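Subject: Structure for your charge set-up

Hello,

Here is the structure I said I would pass on. My notes on its charged side chains follow below it.

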Amino acid sequence: DLGALIAARQIDFEIATVPAPVRGHEWALRELTRNLLHNAVKQTPAGGTLVMRLVSDGRTAALTIADSGPGLAPELRERLFQPFAAGERGGGSGLGLAICHEIVASLGGSLTLENRLVGGHVAGLDATVRVALADNPGR
């Protein structure tokens, strides 16, 4: 449902995935991915790049959504996963990242948001979700 927005903003979108089955409700996984992608699309400037990658190391799956936006302001980092805290940043409700955080927690995983630095300057934000694979016996 974000394809039209990506095309309208002429964002160069790249996707690369590998099979990585995880245990989780299909709706929750879809909502998690949609919220993270929507945030990245909103922050990516027109004509910018957006990359979505799903990799696996045999124990965990890692989904990274990398935008080419302004990155994360330090003053927002402390309260980012609290409901309504990020609302003023992108004009949204501020619930998306709080929902993502709760979904990832219910899966026993982690969600990190890191500014990507190139030459000492912020070149975008990497949102990475890590969760155990469904067949991981150490889970």
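Glutamate 31 counts as buried, at 16% relative accessibility. Please keep in mind that this is a predicted model, and that the values below were computed from it.

Glutamate 31 has a partner: its side chain meets that of arginine 34 in a salt bridge, with N and O 3.4 Å apart. Both residues belong to helix α2, which covers residues 26-43, and they sit three residues apart, or about one turn of the helix. Arginine 34 is partly exposed, with a relative accessibility of 28%.

Searching the whole structure gives four salt bridges; I describe three of them here, the one above included.

Arginine 53 pairs with glutamate 14, and the closest N and O atoms are 2.7 Å apart.

Another salt bridge links arginine 116 and aspartate 126, with an N to O distance of 2.2 Å. Here the strands are β4 (residues 110-118), which holds arginine 116, and β5 (residues 121-132), which holds aspartate 126, so the pair ties together parts ten residues apart in sequence. Arginine 116 has a relative accessible area of 24% and is partly exposed.

Arginine 116 comes up again with aspartate 67. What is the nearest side chain of opposite charge to aspartate 67, and how far away is it? It is arginine 116, at 5.2 Å. A salt bridge needs the nitrogen and the carboxyl oxygen within 4 Å, so aspartate 67 is left without one, although this residue is buried.

Aspartate 67 lies in strand β3, residues 60-67. A polar atom of the aspartate 67 side chain is 2.9 Å from the backbone nitrogen of glycine 69. Beyond the neighbours within four places in sequence, the residues in contact with aspartate 67 include Ala40, Gln43, Thr44, Thr49 and Leu50. Arg116 is also among these contacts, as are Ala123, Gly124 and Leu125.

In short, aspartate 67 is buried with no salt bridge, whereas glutamate 31, also buried, has one with arginine 34.

Regards

Terms used: Residues numbered from 1 in each chain as written. Predicted model: local features only at pLDDT ≥ 70, side-chain atom pairs only at ≥ 80, totals over all residues. Heavy atoms only, no water. Helix = DSSP H or I, 4+ residues; strand = E, 2+ residues; numbered from the N terminus. Buried < 20%, exposed > 50% of the residue type's maximum accessible area, 1.4 Å probe, protein only. Lys, Arg positive; Asp, Glu negative; His and termini not counted. Polar contact = N/O pair within 3.5 Å; in protein donor to acceptor, adjacent residues only side chain to side chain. Contact = heavy atoms within 4.5 Å.
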